[in-house]
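Please read the following note with the sequence and the model open side by side. The points are numbered so that each may be checked in turn.

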Amino acid sequence: MTGTPVTNSGAPGQWTTGLCGCCDDRSNCCVTCWCPCVTFGQNVEIIDKGTTSCAHAGVIYYCLAHVCCACVYTCTYRTKLRAYFSLPEDPCGDCLVHFCCLPCAVCQEYRELKSRGFDPSQGWMANAQKWSQDGVTVPPPIAPGMTR
């Protein structure tokens, strides 16, 4: 997410909140508890810079959750988020975190995005518009795959 706003980013290479800090944002905790596909979809839209919609990611999550393998999909976005912000695999590997504590992991990722200047509840386009009004340069969407 190079070129995007980074506020209160905490120590370099560190999560700004813990895995079990769900109650730091009570409203998000409640939404994630009762409908994790919504929070996950909001996170994905930001992490994928708008190329995957909140609804699309939420539906995929919902379908996979019914066959008990949502964590296989969701952990890939934790890995992407960690790569963008150089975060450690903490407290353990991404897939294991999502397998054992999926709601906590999704909440932590949402809080991480918020603390770094994103508002996942507003979606990618609203964030991009806000940044352009504030004079922040937003990177253009990157086309998937390799091209020459």
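Which residues does Phe40 touch, not counting residues up to four places away in sequence? The points below take up this question after a brief outline of the chain.

1. Overall make-up. The model is predicted. The chain contains six helices and zero strands, and its pattern along the sequence reads α-α-α-α-α-α. Of the 148 residues in the chain, 43% are buried. Among contacts between residues at least 6 apart in sequence, 68% join residues at least 24 apart.

2. The contacts of Phe40. To answer the opening question, Phe40 touches Ala57, Tyr61, Tyr73, Thr74, Tyr77 and Val106, with residues up to four places away in sequence left out of the list. A student may wish to display these side chains together before reading on.

3. The nonpolar core. The largest nonpolar core has 21 residues, and Phe40, Leu113 and Phe118 are the members that touch the most others. At least two residues of this core come from each of helix H2 (36-47), helix H3 (54-65), helix H4 (70-85), H5 and helix H6 (123-133). As general background, nonpolar side chains in soluble globular proteins tend to be buried together.

4. The pairing of H1 and H5. Helix H1 (residues 26-34) and helix H5 (residues 94-115) have axes that come within 10 Å and cross at roughly 140°. H1 is therefore oblique to H5. The crossing of these two helices is right-handed.

5. The residues at that crossing. Which residues of H1 and H5 meet? From H1 come Asn28, Cys29 and Thr32, and these meet Pro103, Val106, Cys107 and Tyr110 of H5. Sorted by class, the contact of H1 with H5 has five nonpolar residues, two polar residues and no charged ones. Val106 of H5 takes part in this contact, and Val106 is also among the residues that Phe40 touches.

6. Ala70. Is Ala70 buried or exposed? Ala70, which lies in helix H4, has a relative accessible area of 6%; residues under 20% count as buried, and Ala70 is therefore buried. Its contacts, not counting residues up to four places away in sequence, are Tyr61, Leu64, Ala65 and Leu102. Ala70 and Cys37 are 33 residues apart in sequence, and their C-alpha atoms are 9.8 Å apart in space.

7. Two residues with positive phi. Lys49 has phi near 55°, a positive value in a residue other than glycine. Ser86, again a residue other than glycine, also has a positive phi near 55°. Lys49 is placed in the loop between H2 and H3, whereas Ser86 lies in the loop between H4 and H5. Lys49 counts as buried because its relative accessibility is 13%. Ser86, with a relative accessible area of 54%, is exposed.

8. A cis peptide bond. Which peptide bond is cis, with omega near 5°? The bond concerned runs from Asp90 to Pro91. Pro91 is found in the loop between H4 and H5, and Ser86 is likewise placed in the loop between H4 and H5.

Definitions and conventions. Residues are numbered from 1 along each chain as its sequence is written. This is a predicted model: local features need pLDDT of at least 70, side-chain atom pairs count only at pLDDT 80 or more; totals for chains, interfaces and linings use all residues. Side-chain values use heavy atoms; hydrogens and water are left out. Axes are lines fitted to C-alpha atoms, for helices over the stretch in contact, and angles run from 0 to 180 degrees between N-to-C directions. Helices (H or I, at least four residues) and strands (E, at least two) are DSSP runs, numbered from the N terminus. Angles under 35 degrees count as roughly parallel, over 145 as roughly antiparallel, 65 to 115 as roughly perpendicular and the rest as oblique. A crossing is left-handed if the near helix is turned anticlockwise from the far one by less than a right angle, and right-handed if clockwise. Contact means heavy atoms within 4.5 Å. Ala, Val, Leu, Ile, Met, Phe, Trp, Tyr, Cys and Pro count as nonpolar, Asp, Glu, Lys and Arg as charged, and the others, Gly among them, as polar. A nonpolar core is a set of buried Ala, Val, Leu, Ile, Met, Phe, Trp, Tyr and Cys residues joined through side-chain atoms within 4.5 Å. Buried means under 20% relative accessible area, exposed over 50%, partly exposed in between (1.4 Å probe, protein chains only).
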